[in-house]
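Hello,

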Amino acid sequence: MSQCIYCQEKAGFLKKTCAQCKEMLEIIQSLGAQFSFRELLDALMASSASNEKIQKFLDTDAHGQGSIRDNITARMTNQLAHTMGQHTDMSPQKVKTIRELEKKNPTPNDLPGDINPYRR
Ligand SMILES: [Zn+2]
């Protein structure tokens, strides 16, 4: 038995994704190019996967090119900038990098303590 590349659960013989993650991938494809994160979550929650599994599915970087959540964030950032007439080339990899940097180096407003020179 091989493991699912998204949730690491049993996927079945010679399969890369388990039935539920496959179902979720199909849901994402069926939504097309224009959907909000809320719509995506609603659609995924209507699947047979548990909430925990949905979160894991969205956060797993199965192909080393950013997780599904990173891909969606990048796409939405580009759409928003485009709407405002700005050019961006946000990619899932950049979202992933920013997310990982933020984890290591929280932005000043996230730092604990009363005295914060960055806070006005
Ligand atoms: Zn899976």
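Below is what I found in it, starting with the overall layout.

**The overall layout**

Please keep in mind that this is a predicted model. The protein chain has 5 helices and 2 strands. If you follow it from the N terminus, the order of elements is β-β-α-α-α-α-α. The chain has 120 residues, and 21% of them count as buried. Looking at contacts between residues at least 6 apart in sequence, 33% join residues at least 24 apart.

**Helices H1 and H2**

Now turn to H1 and to helix H2 (residues 37-45), which pack with their axes 10 Å apart and at an angle of about 140 degrees. The two helices are therefore oblique to each other, because an angle has to be over 145 degrees to count as roughly antiparallel. Their crossing is right-handed. On the H1 side, the contact is made by Met24, Ile27, Ile28 and Leu31, and H2 contributes Glu39, Leu40, Ala43 and Leu44. Sorted by class, the contact of H1 with H2 has 7 nonpolar residues, 1 charged residue and no polar ones.

**The two sides of helix H3**

Which residues of helix H3 (residues 51-59) are buried? They are Lys53, Phe57 and Leu58. Viewed down the axis of H3, these buried residues fall within an arc of 135 degrees, so they line one face of the helix. What do they pack against? The partners of the buried H3 residues are helix H1 (19-31) and H4. On the other side of H3, you will find Asn51 and Glu52 exposed.

**Helices H4 and H5**

Next come helix H4 (residues 68-83) and helix H5 (residues 92-104), whose axes are 8 Å apart and which pack at an angle of about 110 degrees. That angle makes H4 roughly perpendicular to H5, since the range for this word is 65 to 115 degrees. From H4, the contact takes in Asp70, Asn71, Thr73 and Ala74, while H5 supplies Pro92, Lys94, Val95, Lys96 and Arg99. By class, the contact of H4 with H5 has 4 charged, 3 nonpolar and 2 polar residues.

**A glycine in a loop**

Have a look at Gly66 too, in the loop between H3 and H4. Is Gly66 buried or exposed? With 21 C-beta neighbours inside 10 Å, Gly66 counts as buried, because the cut-off for a buried residue is 20 or more. If you leave aside its neighbours within four places in sequence, Gly66 is in contact with Asp61, Asn71, Pro92, Gln93, Val95 and Lys96. Gly66 and Thr97 are 31 residues apart in sequence, and their C-alpha atoms are 8.7 Å apart in space.

**Two residues with positive phi**

Finally, go back towards the strands. Gln8 lies in the loop between strand S1 (2-3) and strand S2 (10-12). Although Gln8 is not a glycine, it has a positive phi of about 65 degrees. Gln8 is exposed, with 11 other C-beta atoms within 10 Å. Leu14, in the loop between S2 and H1, is a residue other than glycine with a positive phi, near 55 degrees. Leu14 counts as exposed, with 7 C-beta neighbours inside 10 Å.

Best wishes

Methods:
Residues numbered from 1 in each chain as written. Predicted model: local features only at pLDDT ≥ 70, side-chain atom pairs only at ≥ 80, totals over all residues. Axes fitted to C-alpha atoms, helices over the stretch in contact; angles between N-to-C directions. Helix = DSSP H or I, 4+ residues; strand = E, 2+ residues; numbered from the N terminus. Parallel < 35°, antiparallel > 145°, perpendicular 65-115°, else oblique. Contact = placed C-beta atoms within 7 Å. Nonpolar A, V, L, I, M, F, W, Y, C, P; charged D, E, K, R; others polar. Buried ≥ 20, exposed ≤ 12 C-beta atoms within 10 Å, placed from the backbone. Arc of directions from axis to C-beta. Left-handed = near helix turned anticlockwise from the far one by under 90°.
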